[in-house]
Amino acid sequence: MRLIRLLSYLSVLLFSCGKDNKPPVMINSVSNGALVLCEGLFQQNNSQLSFVSFEDNQVENNFFLNRNDRQLGDTGNDLKRYGDKIYVVVNVSSTIEVIDALSFSSIKQISMMNGSTAKQPRSIAFHNGRAYVTCFDGYVDVIDTVSLTVDSRIPVGSNPEGIAIANNKLFVSNSGGLNGPLMDSTVSVIDLNTNQEIEKITVGMNPGTIKTDIFDDIYVIVRGNYGSIPSRMKRINSESNVVEDSFNFNISGISHFNNDFLITQYDYNTNEANVSLFNTSTKVIEIASFLNLNEVQTLYHLTFDSIRNRFLVSDAMGFTNSGYIREYDIQGDYIQSHHVGLNPSKILVYE
Amino acid sequence: MRLVIIFCLWIGTHCIGQKNRIQEINEVTITFNLDTVKIQNEWEGINASKIESLQVNDAAGLIRKLTSTSIKSYGGLGGLKTVSSRGLGANHSKIVADGFSITNTQNGQVNLGQIHSDNIIYVRSNSDGRSQFLQPISAQVAGSQFSLETFENNFGNEGLQFRLLAKQGSFNQWGTYGAMKFSSEKLLFSGHGSFRSADGNYPFTLVNGNQTSEETRSNNDYTDYHFGFTSGIKKGKSVIRLGYMQKEFDQGLPGAVILYNNSADERIENRDQNLFGDYVFKGNKTSLRSFIKINENHMKYTDPNYLGQDGGIDISYRNRSMQAGIVGENKLAENLKIYFGAEQILSDLNVSDSNFARPLRMHNFGILGLNYSFLDKFKIRLQISEQYISEYNSVGISAGNKFKINPYFEISFNPRKHLMNQKLWYRSSFRMPSFNELYYNNIGNVNLEPEEAHQINYGWSLSTSPKGMLQWYFRNNVYLNYVTNKIIAIPTKNLFTWSMQNVENARILGADFKLGSKWGINEHVKFDLDLNYSFQRAVDVSDPNSPTYKDQIAYIPIHTGNIDFSIKYRTFGMRLSNYTNSLRYSLNENISANQVEGFWVSTLSTFYTLKLKNKNNLTFRFTVKNLFNSQYAVIRSFVMPGRNYLIVLKYAFN
């Protein structure tokens, strides 16, 4: 029918391509590179994994999609490896993808729904064959890493965000972020022998990122209210469960760097980022301006690649433009950039 | 993590118009007499018989048939739909229904999904700058303006008229509408009521990588009703009217389709009340209109799945506005007219969340202009308008006061009626930030400046004389617009804390072409063909170092088109209507990851009218929408329905 032909001619006119018309790259082996979690944006279903190969400096985007014929989902939030499996916590889709670390084929997708309500999982940590996942509905889910099913739920504070392990205990930061401006200010302590919450430590408003150092101390960032109450770091003694230190510098992130921490400080008004070196034994900032990151527009995450002795910076490019992984050597000199997906955050390095 | 969604589905009002006489020429032309809207020829807008044969869900379905409009639709009956004209943005568009502006200071955008179309008898865009001196000034000075006229608020001298319709369609759609209108030498009166409901559970194909699955949209039910009365008295050359209108709706919000997560439990309930009145005087030299409208809107939004400590969100809003004004025109000499006016809009917002501001805005408008024609062919129009806005917030900082002056200039050349009419105009306008943009908890920014727009347009049109077997009309516009200080939500503190900022500047180069034609083979057989094509190259010109510099702005399609063809034989007719948008981008960066595919949607509608005696008519309509079952979304993740049908039975008297 002539009308249909006319429609198809017009359709060809209408459907054109974007400016990145190069054919997509396919990486041959999952090694000598970095797996990057690109969070995407809320309700756009565009979270993905990118693999940066250090062999030939190629990037394959949609790494999960290409090997499993389906998408990762909406807003991936955490990426961790345990043994031979990769776990991706996808927050808005409310799933956990369990993937074979070498072949990258999907082993299982664990649905994190509570009836018809999404649990909204955030972060994952592992201990003795179990995975512990913070869920924004106020629980830590316990998952058996062999059967890959949720065994139990441990009630904690409101909107639990980060999770860290020390001294056979779980430390969970209860952000209460959905109750603004009256957010939560506690860290829940869970005994890993009984899988029960034993205590709530008051740390300060809106606790988020929480990490363990080599001395089994727990460091947590209390983010405040993004306005009058600034973001600060606190140290908890994991034996006594007491807040022993309160540090008076601005902070937006903590990254492991050998035995120490890299403290990232991102100024949202000037878009300037500063990275300081924090000595975990002396517990002071040893070098105030450790890395000079001129090439970075939005410093979102910082990962130290101990295999190649390099720093990998996740540059979120204003959170609405596709991001970059920027490489810096151990002296802090810029090496090169890799173009990845939207809002790159966590990175897993492969030998 | 705090994710705040600015998403207000709420419409201000459904308004009234004023006295005019409706003459039907060839069943398709409407000429208004004592009216706010002057229509030069029948081709400018969409008339009643075309509107009826389109069988759209709401006003968005009609407005998208006009040139240089881009509609953002979130789907469904009553689902949020907004229009941006010529790439300016939805907040620059004003909708005038029957001579009254629809105001929404809460989010600054009119939800076209809430404007029914069963009673609309005329719709047009006023981007060609036609003098609308009896329209409210708030609409006259806006960047773009659309006018709607309804059956129950446009009066002639026809005596008693009556309409009643019932409809049923896919997804359990049911609806009914009834209206009665009476006008005589001295009196006018009308009353109307309507009811609609639907389940909205439409099937759709979900594509996930290489896998597809058949899913069903849920939590998409909808119920609404509205009713109103208008009454008036005519005396000599004046008319005074008073009316009331109430609307209520209750709907589920299906939300975006999120992979692996089907939960959707958000709901909105809304009640809207309007009291309105105007006085119009049309003398030989002077015409005057004074008008008032009072509106109160209550909206309640609930989300039982929200993971706050209260176990969900339940929040109520009350947005009130009062607008009053006076506009007029005076003929100083044979070829010189001046027009003038003043208008005041008072609006406030009250929210059940105690953290929200309590804003009160007083917005004053003034306008002065002149129309001068010379050499019998040329017309010049010069206009200057002022706006003074003072704002208060009883619980915190307010946005402060603003004062602006905006000029408008137009020159037109009409050598002979129906032959090539040319027009060149320049308009400067702005739009105020809405209450949400200024005050919404952590996202609002009281320091926002208004967005400014500058438009320059050259247009010409050609038409045949209104007699003859084949009549056609062709119009072309070419325009260049700049919008500065565009307000967009950007993450400022971290990925979860967004705020409204003036960050963007846009440049729009556009052109539109419209061809309307009708061919009456004999007295029984008639064809018509309407085509239009709009080109909008709207690019981000904020920062040359940004990855989005010169990229097409999100959700503005470069190409938009409409192709409509209809045939009538005696009292039977058929219409094939097509609408298409080219590829869009979901974010400003034009990369393949952000592409939203273009789409083509066709509707086939047929009707048969049984003419009973004594001016009684019964019409039966059957419409198949999305005839070729296109699976598409206008906005990423908000899927639209596939093929569906609608049956309508309508009774009309007079």
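How many helices and strands are there in chain A? In this predicted model, chain A holds 2 helices and 30 strands. Its radius of gyration is 21 Å, close to the 20 Å that the globule rule gives for 351 residues, so chain A is as compact as a globular protein of that length. The C-alpha trace of chain A spans about 80 × 50 × 40 Å along its principal axes.

Of the 351 residues of chain A, 57% count as buried. The chain exposes about 13,900 Å², of which carbon and sulfur atoms supply 47%. Among contacts between residues at least 6 apart in the sequence of chain A, 41% join residues at least 24 apart. Chain A carries 26 positive and 37 negative charges, whose mean positions lie 7 Å apart.

Over all chains, 43 salt bridges were found in the whole structure. In chain B, Arg241(B) forms one with Asp278(B), with 3.2 Å between the closest N and O atoms. This pair joins strand 16 (residues 238-253), which holds Arg241(B), to strand 17 (residues 266-282), which holds Asp278(B), across 37 residues. Both Arg241(B) and Asp278(B) are buried.

A salt bridge also connects Arg320(B) and Asp348(B), at 2.8 Å from N to O. Arg320(B) lies in strand 19 (residues 313-333) and Asp348(B) in strand 20 (residues 336-351), 28 residues apart. Arg320(B) is partly exposed, with a relative accessible area of 34%, whereas Asp348(B) is buried at 13%.

The salt bridge between Asp530(B) and Arg575(B) has its closest N and O atoms 3.7 Å apart. It links strand 28 (residues 525-540) with strand 30 (residues 572-581) of chain B, the two residues being 45 apart. Asp530(B) and Arg575(B) belong to a network of salt bridges with Lys50(B), Lys65(B), Asp528(B) and Asp564(B).

Technical notes. Residues numbered from 1 in each chain as written. Chains lettered and ligands numbered in written order. Predicted model: local features only at pLDDT ≥ 70, side-chain atom pairs only at ≥ 80, totals over all residues. Heavy atoms only, no water. Helix = DSSP H or I, 4+ residues; strand = E, 2+ residues; numbered from the N terminus. Rg over C-alpha atoms; globule rule 2.2 N^0.38 Å. Buried < 20%, exposed > 50% of the residue type's maximum accessible area, 1.4 Å probe, protein only. Contact = heavy atoms within 4.5 Å. Areas by Shrake-Rupley, 256 points an atom, 1.4 Å probe, with all protein chains shown as cover. Lys, Arg positive; Asp, Glu negative; His and termini not counted. Charge placed at Lys NZ, Arg CZ, Asp CG, Glu CD. Salt bridge = Lys/Arg side-chain N within 4 Å of Asp/Glu carboxyl O.
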